[in-house]
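Hello,

Here is the structure I promised to pass on. My notes follow below it.

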Amino acid sequence: MFSAALPLLFLLLIHGSAHSVSSESEAGSKTTLGPHCTTNPPTLDPASGAGHVGKLAGFNTYFSGSLQSKLAVLLASDVYGYETPNLRKIADKVAAAGFYAAVPDFFYGEPFNPNNTARPKDAWLKDHSPEKGFKDAKLMVRALKSKGASKVGAAGFCWGAKAVIELAKIADVQAAVILHPSFVTADDIKGVKVPLAVLSGELDGAYPPKLLKEFDDILRSNKIDRFVKMFPKCSHGWTLRYNASDPAAVSRANIAHQDLLKWFTKHLK
Ligand SMILES: *[C@@H]1O[C@H](CO)[C@@H](O)[C@H](O)[C@H]1NC(C)=O
Ligand SMILES: *[C@@H]1O[C@H](CO)[C@@H](O)[C@H](O)[C@H]1NC(C)=O
């Protein structure tokens, strides 16, 4: 079903025509990282989180929780990678909800660093393409299964959403969540074969209400269990790169985290 934000969505659709969106599928399919993907960089902390760092499928990975439940959740990061404290906090929440959370370093020790002028965005992205992320995510899912996971869910943030949507297209996971995605197009949504939640911010210019509505229509007509929600007043990145000293921002992020947990609880347990 479409979320409770539905009336708002249609309000936006009706009154939002002044904000013309050139082409909706074009809007979602940019192959470069927009400025919104790299603002408010986090302060990375390799020691953050309640879990621990280990290796899986050759990747340094942050783990939280236990595999006793046999239910695993793979979290694919945004461009700032697996040492982002707020991402590890989400992994800890996933663990507290009864899942084994795994946050791999898909950037091989080189998360995007906006200060590094020798590695501008496009050059960095060339070496860390979402396609490579998908290949690596498949290796991680396989490794989690061989460790004993009977079901695996995947959640992807910004950059990581593309890898996760590809997993959802080959039904390599049992449920998926994409949060403020990048690179994900309506064509991708057409190929999705597993329950999918799409969490997007109202202020995210790359995913305007019209495009989100299109995603919802596609999933409905393909009879894919879905949860498509637009978060009022939220910008791209709000679930991860929020200001921890701003209670309203923290609360907006927490609502998205709860939606993510509910989705995996519904479809993996
Ligand atoms: C980038 O530079 C700013 C300002 O000097 C600094 O606070 C921040 O930690 C640096 N970020 C990284 C990833 O090196
Ligand atoms: C974060 O939020 C606090 C409290 O609202 C505010 O004082 C501070 O300026 C904010 N920091 C940034 C970087 O926006």
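Start with V73, which stands opposite A101 in β4. Helices (H or I, at least four residues) and strands (E, at least two) are DSSP runs, numbered from the N terminus.

A word on conventions. This is a predicted model: local features need pLDDT of at least 70, side-chain atom pairs count only at pLDDT 80 or more, and totals for chains, interfaces and linings use all residues. Residues are numbered from 1 along each chain as its sequence is written, while chains are lettered from A and ligands numbered from 1 in the order in which they are written.

Now the partners of β4. Strand β3 (residues 71-76) pairs with β4 in the parallel sense over three bridges. Strand β2 (residues 59-64) pairs with β4 in the antiparallel sense, over four bridges. Pairing takes at least two DSSP bridges. F63 stands opposite A102 in β4.

Why is β4 (residues 100-104) largely enclosed by the rest of the structure? Five of its five residues are buried. Buried means 20 or more other C-beta atoms within 10 Å of the residue's own, exposed 12 or fewer, partly exposed in between, with C-beta atoms placed from the backbone. Y100, A102 and P104 point one way; A101 and V103 point the other way.

Lastly, K138 is found in helix α5 (residues 130-146). K138 is partly exposed, with 17 other C-beta atoms within 10 Å.

Best wishes
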